[in-house]
Amino acid sequence: MKVIITGGSGLLGRGLTANLAADGHEVIVLSRDPERVRGLPPGARAVAWDAASAAGWGHLADGADAIVNLGGYPLDGPGFLPSRWTARRKQLIRDSRLKAGAAVVEAVQQAKQKPGVVIQSSAVGYYGPREDEKLDEKGSPGDDFLAQVCVEWEASTAAVKTAGVPRAVIRTGLPLTEEGGAFPLLKLPFTFFVGGPFGDGQQYYSWLHYDDHIRAMRFLIDARADGVYNLTAPNPVTNREFAHTLGRVMRRPAWLPVPAFAMKLALGEVASVVLDGQRVLPARLLASGFHFDYPDLEPALKEILGK
């Protein structure tokens, strides 16, 4: 296969690139600065793009087996610690995703031999804060900032359907890995024996082991899937359950809650990422026959932490 990945140098893109390359497939990672993309496996290469159009790379979409659109400015900013969502950062988060989607559509429309499938990234934030309501792919969108971004992000590549290309929208939960994302930050307080729930701890975390996440994306590529898929483990947990399970696996206490008001004071609106939650279920993945290696949290954390 030939697979093009936007955002291929990010956490999920790196894992998918390695997975595809290990099976002998050609992987093209689109980057604004290809010279800085290091450590690509054999069979993968970086190609320049402007993250807004098909200029310079669109010809590669001709006959491609898949385009995976993961491109977008990170929600938590460029550093290890989250930073506030200023008006400018909100604009960057939104515009970067819409421009990347427009670039994918442009490339698909120009291709004489259309790609086999487009995988469009999104997030469980699509559903907004929903307390303990069980949500499958038919769930309605929320109305907060993250939900609005996800709605527009998903729509950004909808036009590929009119070109006859199947499109799978992946609403991603919290990927659990030591390699990056939110997990190292969630784990940090436990390292210093001050771990505990965030706020009242009743918000649900829809999580997914990193390996299952990569395997699920590959599954959808191979199947040339179409429609919306929740990429979450089948057993979401509350933040309180997450904290106590993580503490038990790390052999650390989970007794010190972080007050919601303190997080909002320190982080502003970005605190909603961990203070609000959704109880999201991967109904379509399960119905399609996908097998989760880590359906339950404790075995997943033990594998990640080598316990």
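**Entry 1: helix 6**

I began with helix 6 and listed its buried residues: N239, F242, A243, T245, L246, G247, V249 and M250. I note that I am working from a predicted model.

Next I looked up what covers these buried residues. The cover includes two helices, helix 4 (183-191) and helix 10 (297-305). It also includes strand 8 (174-176), strand 9 (204-205) and strand 12 (237-238).

I then checked the length of helix 6. It runs over residues 239-250, which is 12 residues. At 1.5 Å a residue it should span 16 Å, and its end C-alpha atoms are 16 Å apart, so the two agree.

What follows helix 6? I found R251 there, with a positive phi near 60 degrees.

**Entry 2: W85**

I moved on to W85. I found W85 in the loop between strand 4 (66-69) and helix 2 (87-110).

Is W85 buried or exposed? Its relative accessible area is 8%, and buried means under 20%, so W85 counts as buried.

I listed the contacts of W85, leaving out residues up to four places away in sequence. W85 touches L75, K90, I93, F145, L146, E269, V270, S272 and V273.

W85 and E269 lie 184 residues apart in sequence, yet their C-alpha atoms are 6.5 Å apart in space.

**Entry 3: L75**

L75 was my next stop. L75 also sits in the loop between strand 4 and helix 2.

With residues up to four places away in sequence left out, L75 touches W85, R89, I93, R97, L146 and V270.

L75 and A262 are 187 residues apart along the chain, and 20 Å separates their C-alpha atoms.

**Entry 4: the whole chain**

I stepped back to the chain. I counted 10 helices and 13 strands.

How does the radius of gyration fit a compact globule? For 307 residues the globule would have a value near 19 Å; the chain has 19 Å, so it agrees. The C-alpha atoms fill a box of roughly 60 × 40 × 40 Å along the principal axes.

I looked up burial as well: 52% of the 307 residues are buried. The chain exposes about 13400 Å², and carbon and sulfur atoms supply 54% of that area.

I took contacts between residues at least 6 apart in sequence; 77% of them join residues at least 24 apart.

Charges came last. The chain has 34 positive and 33 negative charges, and their mean positions are 3 Å apart.

Notes: Residues are numbered from 1 along each chain as its sequence is written. This is a predicted model: local features need pLDDT of at least 70, side-chain atom pairs count only at pLDDT 80 or more; totals for chains, interfaces and linings use all residues. Side-chain values use heavy atoms; hydrogens and water are left out. Helices (H or I, at least four residues) and strands (E, at least two) are DSSP runs, numbered from the N terminus. The expected span of a helix is 1.5 Å times one less than its number of residues. Buried means under 20% relative accessible area, exposed over 50%, partly exposed in between (1.4 Å probe, protein chains only). Contact means heavy atoms within 4.5 Å. The radius of gyration is taken over C-alpha atoms; the globule rule is 2.2 Å times the number of residues to the power 0.38. Accessible areas come from the Shrake-Rupley method with a 1.4 Å probe; for residues, only the protein chains shown count as cover. Lys and Arg count as positive and Asp and Glu as negative; His and the chain ends are not counted. The place of a charge is taken as NZ of Lys, CZ of Arg, CG of Asp or CD of Glu.
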